[in-house]
Amino acid sequence: MEGISDIRIAGIDERRPPRIRREPYIDLCFRLTHKAPLDWCQDFVDRLAQEGLPTTIDAKECLYIETWVRLPDEIVGRLQILKKAVADCNARYIAKIEASERDKDDNIDALAREAGPQGQLNRIISGLDFGD
């Protein structure tokens, strides 16, 4: 199974190759290695919008990064920016998941420390072994 850290730009969307649509704009559509989570996509687009880069990802597919440049010479630079943004977004998403797991563990620990019958029940449940 592919994870968040495996998300990277894999190429151009073959169905939508770069084309000069409206002078002087060149539409680009890059394909990710696999579908990204919706909140990853939203974070990615929001971060690039803050930097003033016109970028979208279809919320239904979460697989294609759409952007544009004015000149063909800008394509390589834009790809480098997008690749770095993907890696940064992956790192932020992983950090968010890890923080959520730590919070969950802290909540379970707090329940296990409760006094009385509920605390005893919580300690028993947290100590259950579901292995073979």
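Q: In what order do the elements of the protein chain run from the N terminus on?
A: The secondary structure of this chain comes to three helices and five strands. Read from the N terminus on, these elements follow the order β-β-β-α-β-β-α-α.

Q: Which element supplies the largest share of the largest nonpolar core?
A: The largest nonpolar core holds 22 residues, and those that touch the most other members are Leu32, Trp40, Phe44, Ile65 and Val86. At least two residues of this core come from each of β3 (26-32), α1 (38-50), β5 (64-69) and α2. The largest share, five residues, is supplied by α2.

Q: Which residues does tryptophan 40 touch, not counting residues up to four places away in sequence?
A: Tryptophan 40 is one of the core residues that touch the most other members. With residues up to four places away in sequence left out, tryptophan 40 touches Ile4, Ile7, Leu32, Ile57, Val86, Cys89, Asn90 and Tyr93.

Q: Is alanine 87 buried, partly exposed or exposed?
A: Alanine 87 lies in helix α2, which spans residues 75-112. Buried means under 20% relative accessible area and exposed means over 50%. Because its relative accessibility is 43%, alanine 87 counts as partly exposed.

Q: What distance separates the C-alpha atoms of alanine 87 and serine 5?
A: Along the chain, alanine 87 and serine 5 are 82 residues apart. In the predicted model, the separation between their C-alpha atoms is 7.9 Å.

Technical notes. Residues numbered from 1 in each chain as written. Predicted model: local features only at pLDDT ≥ 70, side-chain atom pairs only at ≥ 80, totals over all residues. Heavy atoms only, no water. Helix = DSSP H or I, 4+ residues; strand = E, 2+ residues; numbered from the N terminus. Buried < 20%, exposed > 50% of the residue type's maximum accessible area, 1.4 Å probe, protein only. Core = buried A, V, L, I, M, F, W, Y, C linked by side-chain atoms within 4.5 Å. Contact = heavy atoms within 4.5 Å.
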